[in-house]
Every structure is written in structure tokens, then in C-alpha cells.
Amino acid sequence: MQCSLEATLRKGNEKALHDVAERMFRSLRHATESEEEYMSESIKGTMISYRPDIKVLDVTIRDGGLVNNFAFTDEFVRKLYQTNLRAGVDVMEIGYLADPELFDESKFGKWKFCHEDAIRGVLEDLLDPRMQLAVMADVGRANVARDFPDQKDSILDMVRIAIYIHTIPAAIEMIETCAKKGYHTTVNIMAVSKAKESELAEALDMLGRSSVEVIYLVDSYGSLYPLQIRQLAQRYLDAAEKYGKQIGIHAHNNQQLAFANTTECAMMGVSYLDATTAAM
């Protein structure tokens with residue numbers, strides 16, 4: 001009698017486990033089909049398709065300068081410029097526009113400040129209209145109204161404004177100043193992985209109403225996974241469509257996912273893709 005009861009219970013448990021496994025499989029298949037359907041609708045291109053809106057930016061000097069205090073030699077910068085040109089890079093970011101009243105110039109290389117005469121002396125004879133030059137200006141650490149000439153008097157083409165969510169009003173003032181001087185403008189919203197959804201929505205709305213041309217999704221801590229990048233990119237792209245902007249991606253490689261996240265964004269329709277030489 002006891003053996004018969006144990007056998008019945010065993011069969012019951014097996015059936016229950018089978019039912020659970022079948023429900024899990026159906027749920028997983030539904031989730032996979034939903035994800036595939038979502039991806040097929042959101043993908044704007046593949047690794048082998050051509051999109052003329054895609055622009056590649058080399059940020060080696062600016063981002064790499066954080067490692068060596070911008071002590072790149074003139075020869076290195078010239079060779080990098082020529083290499084980028086041959087590789088078809090669209091924009092080369094050559095450093096920061098830092099306020100010399102806030103930073104001691106004797107402690108940094110020239111690419112921390114990018115004074116017009118200094119960068120002309122290194123690059124002017126190499127300039128090619130196929131590749132633009134850019135600098136980055138941090139909100140609160142640069143004085144674009146005072147230190148930046150009009151674009152017609154500069155070899156620079158673009159200013160990239162680096163901001164945090166709480167500095168949006170000051171950022172918009174900088175954007176408008178640079179736009180009036182004739183520069184192309186982008187805005188890089190840093191530390192977006194720590195921003196509240198409501199704050200990000202408001203930030204995208206405010207920036208969408210400004211003169212900025214490109215709004216960047218920035219994974220400052222290299223903490224985002226491809227699924228998270230896709231979700232954030234879609235929010236940015238929705239704002240871009242609403243306000244007639246373009247979107248960029250600046251990924252960090254803390255989890256060895258910078259390239260994967262960048263390609264995810266590119267396939268979804270993000271246009272401006274940041275990269276560095278030797279993954280600096």
C-alpha cells in the first residue's frame with residue numbers, strides 16, 4: 001500500500017514538474033518572439049548595411065588626455081590626424097576647452113585648453129575639409145563666451161558640451177552661445193545610468209527645444225548592458241524624432257561591452273558613434 005502511494009505521488013510530482021517546465025518554455029518562447037518582433041521593428045540597419053547619417057568621432061586625444069594630463073606630443077597628434085583622415089573618420093575631437101582661470105596651464109598639455117594659436121601651429125597645414133575638428137567644454141569648467149572665437153576665425157568646427165542632469169540650464173546657455181558663434185553643437189548627458197526617468201524625460205525635452213544638433217547617450221561608468229542601452233536609445237530616438245535632432249553614443253568599456261553597446265545603438269538608428277584608437 002505504501003509503495004503504491006509513493007508511486008502515485010511520484011507520478012504526480014513528475015506531472016507537476018512537467019507542467020511547470022512547459023509553462024516556463026511557453027513563457028520564454030513568447031518573450032523571445034516579442035523581443036525578436038521588437039528588434040525587427042526598431043532596427044534601422046545591420047553591420048553590413050549603409051547609412052549615410054552615421055558619423056564616426058575619434059575622441060582619443062580628449063578622452064585619452066585624462067590619463068596623461070594631455071601630454072600628447074605634436075607629432076603624435078599630427079599622425080593621429082592623418083590616420084583618422086585615411087580611415088574615413090568624420091570628426092576628430094582634439095581636447096578640452098578648459099578655463100585657464102580654473103586650471104593651472106603649467107600642469108597640463110596644450111590639448112587641455114586648445115587655444116586657437118596653439119592648435120593652429122600643430123594642425124593648420126594638415127587641415128582637410130573631409131574631417132571636422134571638435135573640442136569638448138564642461139559646464140562650469142569652460143568660458144565659451146570669453147575664450148572661444150567665432151567659427152569663421154577658428155579651425156574648429158564643433159563644440160561638444162558635457163553636462164549632468166542638474167546642469168541643463170547652464171548647458172543650454174553654452175549651447176546657444178556656441179551656436180550663435182557658428183559652431184556645430186552636441187550635448188553629452190553624463191552619468192545617465194544614475195538619472196531618474198522623470199529627470200531624463202525633462203532633460204531630453206529641454207535639450208530638444210534648444211539649438212543643439214546632436215544629443216548623446218553616455219555610459220559614463222560602463223555599467224549598461226545591451227538591453228539597457230536599447231531601452232535608453234529608444235527614448236533618445238523618440239525625442240530626436242519629435243524635435244528633429246540626431247542621437248550619439250559614447251560608451252565606456254568597463255565590462256568589455258563598449259563595442260557591443262555601440263553597435264546596438266547604431267542598428268537602432270543612432271547616428272554619431274564615438275571611438276578611440278587602441279581602446280583608450
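Colleague: How many aromatic pairs does the structure hold?

Modeller: The structure holds five aromatic pairs, where rings of Phe, Tyr and Trp (its six-membered ring) pair if their centres lie within 6.5 Å, with planes under 30 degrees apart counted as stacked, over 60 as edge-to-face and the rest as tilted. One of them is Phe103 with Phe108, which is edge-to-face because the ring centres are 6.1 Å apart and the planes stand at 85°. This is a predicted model, in which local features need pLDDT of at least 70 and side-chain atom pairs count only at pLDDT 80 or more, while totals for chains, interfaces and linings use all residues. Residues are numbered from 1 along each chain as its sequence is written, and side-chain values use heavy atoms, leaving out hydrogens and water.

Colleague: What about Phe148 and Tyr183?

Modeller: Phe148 and Tyr183 form a stacked pair, 4.5 Å centre to centre with 15° between the planes. The pair links distant parts of the chain, 35 residues apart: Phe148 is in the loop between α5 and β4, and Tyr183 is in the loop between α6 and β5. Helices (H or I, at least four residues) and strands (E, at least two) are DSSP runs, numbered from the N terminus.

Colleague: Are Phe148 and Tyr183 buried or exposed?

Modeller: Both Phe148 and Tyr183 are buried, meaning under 20% relative accessible area, whereas exposed is over 50% and partly exposed lies in between (1.4 Å probe, protein chains only).

Colleague: Which residues does Phe103 cluster with?

Modeller: Ring pairs link Phe103 with Phe108 and Phe113 in a cluster.

Colleague: Changing topic, which residues of α6 are buried?

Modeller: Ile168, Ala171, Ile172, Met174, Ile175 and Cys178 are buried in α6. They lie on the same side of α6, because they cover an arc of only 160° around the axis, taken from the directions from the helix axis to the C-beta atoms.

Colleague: And what does the face turned away from that buried side carry?

Modeller: That face of α6 carries the exposed residues Pro169, Glu173 and Lys180. Just after α6, Gly182 takes a positive phi of about 100°.

Colleague: How far is Gly182 from Lys152?

Modeller: Their C-alpha atoms are separated by 7.4 Å, although Lys152 and Gly182 are 30 residues apart along the chain. Lys152 is exposed, with a relative accessible area of 67%.
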